[in-house]
Structures are given as structure tokens and as C-alpha cells.
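Let's take a walk through this model together. Have the structure open and follow along.

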Amino acid sequence: MSAFLYAATRTPFGRFNGALAGVRPDDLAAAAITSTLAKVPHLDPAAIDDVVWGNANGAGEENRNVGRMAALLAGLPVSVPGTTVNRLCGSSLDAAMTASRTIESGDAEVVLTGGVESMTRAPWVLPKQAKPFPVGDVTAVSTTLGWRLVNPRMPKEWTVSLGEANEQLRERFDISRARQDEFAARSHQLAHAAWESGFYDDLVVPVDGVDLTRDEGIRAGSTPETLAGLKPVFRTPEQGGTITAGNASPLNDGASAVLLGSEQAAATIGTDPIARIAGRGVMALEPQAFGYAPVEAANRALARAGIGWDQVGAVELNEAFAVQSLACLDAWKIDPAIVNQRGGAIAIGHPLGASGGRILATLAKVLRETGQRYGVAAICIGVGQGLAVVLENCAATGEGR
């Protein structure tokens, strides 16, 4: 038995402190659920066997199992259960992988997956003290991104910042600042062109009450020359720093949703499937090498799908940093032209828990539009992990119409 992708939408991705800053993460998630189910009006929501939702931070308004909360806020029957998974940046891709296994095992027919993150609204937290009323100051720690409340037993090399980890990756693979800026400019240019052509019109649905119809961070005028003028953030130029605010993904708010089901569920859902989950892969490395983890995750997913890179016609690789994306492409030895053909996270944004659902849905539509049979969605994950999924275009096999 196989699992299939039937429908998907997402909210526009907002900038940190941008248009979506006033929207709670559970409301963002509910908006993604509502817009996705609107694509399959024949489906009785009571027929959804489970909701599997991704979220990375989980420290604020989304703390109480946001998958279940979002389902209730979206008006699903109380009989529809929900769970939340956390594999940091890969959370919503992990949610889809988990749901696909459940469907393949026969434990479910229809599963709604997705993910959400409001990095703007991620709170500061105060750790509880061993004794009440400490004499000294107590520090509030931001939960927006990266390591926090680090266990002192962790080796220091594991807990460097995400940016420093990628500067180390840049040194390891000798990836120049110029290549990074060229890759980043391409992301903005392709994302802008995709919006202008209408590619995202049926994938992205505005949030009620918010005047935002497109991804907020896209800068259509970005060029390698303009990006070259930005200063490195994590190391000084004298230290060889190359990573800037322009060639790394920003902080964002947003949600995505993907409806999965068995082949037999087509009658229940009321539409043909779009793509089949053909392979899955997971990989882990040293925490500071997280940016390179998608390499073997994708290789494993392809092996489980029974195909090679020569059969892959499209790749959606989440662009956490230009340098790690380039390191992965170099390792795979694939044509860069098939990667992120409609823009990537450097332009579109990377609301942690929502990005996996975004790349999966985008890949499915790219395959459908280009007629390619196989594609790979891959994502790097903090603390040294990577995930990948192989999709097979149903239209290329005759399973969908």
C-alpha cells in the first residue's frame, strides 16, 4: 500500500515582525487547514483519521499540542485526533513522513499533515531556579531560533551558532562568497517570477484579516552585486566571514498543510491523487554539520524508491543557508537548474515548522507542471539531522488525472 498527496496549501510567509506578527501560531495553523480542506469539498472532515502537525519551538501560544488545537480552531469535529511532532526545521516534512507510514501500514486512510511557526511570537523564557528568590539576576532566553538553555555537558563544538556552523561548512568545502550570493539572488529572482506567472496562486491562501497575499520577504531586485555589499554576520571579513543576511534564510511566520491518503481514499476525498510518496530518508551527523545532512538523507530516500539521481527531474531543497545548499548540490552532482525552480527559502522564508510542508507541496506542483516523474524534497535540521522524501508524479504514471 502507498500513501499519496491529494491537496496542499500554505499561508503567505511573513517577515519577522511583519504582516503576520499579530496572528497566533495556532490561528495560522487553522488557516492552513481550512484552506487545504476547501480544495476537497467532497471530503467529510469526520473521515480524517488523524492530524499530524509540525512545530519547532513549542514554547509559546502553540505549546499545548498545536496540531490538536489547530484542528479544533479550524472547526474539525472533536472526534478527529491530532498530534504534534518536533524535528526542528524538518517538523512538517517529518509529519508527512509519519503520516505516510501510518497510511502504508493500513492504520489510517486519510491524514492531514502540516506545520506552523511564528518566530515573531516565540516568547522569552525564564528557567525555574533550584531555590526560590535567587539573589542575582535571572536572564530571559529567546526561543526564536537556535540553541537555548544548553546542557553544559554538550561539547562546545556541537553548540556553535547555526551561522558559525555554516561558516565551518564553507571552509570545509571551499564555497566562495560569490557563489553564495549568486545562489541567493537566483532564489529571489525565481520566487518573484513564480509569483508573477501565477504558480503560487492556488498554493498560497491569505490569512483572514491580514493584508498579505504574497510572501513578504521576496526582493525582486536582488542581484549578486547588491548582495555582495552586505556585511558578514557571524564572522568578520578579517576572519573570512561570508554568510550575510542576504545569503541565509530569514526569520519568518507561516503555516503549511498537506492532505495525504491511501489510493482507495480517492473516493472519500473526492479527487485523484497528485503524487505518491515513493521513498523516505533520514540522516544524522555531528550537530555542527547539520547543513550537510540532507545529502545522505536524499540518497537513502532514492534507494528506498528504487531510483537514482539520473531519474530525478526536480528538487526542492530548503535553503537554510546558501552555503549548505551549494554543498548538498555539489555532493549530489546534479544540474542546479532543476533545484528550487520556483525560488527557495532565502527569498520565500523559513518559518521552521512550516517549511517541510511548503517544499513538499511545491515539488508536487512542479512535477505536475513539468511532467517529470520523480522529485526530491530535502531539508537540513539543527542539531545535525536531515530528511528527504521522493515524490512520484501520478500524472506521469497514469494514477492521477
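Predicted model: local features only at pLDDT ≥ 70, side-chain atom pairs only at ≥ 80, totals over all residues.

Buried here means under 20% relative accessible area, exposed means over 50%, and partly exposed is anything in between (1.4 Å probe, protein chains only). Residues are numbered from 1 along each chain as its sequence is written, and side-chain values use heavy atoms, with hydrogens and water left out.

A disulfide is a covalent bond between the sulfur atoms of two cysteines; the cut-off used is a pair of cysteine sulfur atoms within 2.5 Å. The structure has zero of them. For Cys 328, the closest cysteine sulfur belongs to Cys 380, and at 7.0 Å that is too far for a bond.

Now look at helix H1, residues 25-37, where you'll find Ser 35; helices (H or I, at least four residues) and strands (E, at least two) are DSSP runs, numbered from the N terminus. Ser 35 counts as buried at 10% relative accessibility. A polar atom of its side chain sits 3.1 Å from the backbone oxygen of Ala 32.

Move along to helix H2, residues 66-73, which holds Leu 72. With 34% relative accessibility, Leu 72 counts as partly exposed.

Notes: Polar contact = N/O pair within 3.5 Å; in protein donor to acceptor, adjacent residues only side chain to side chain.
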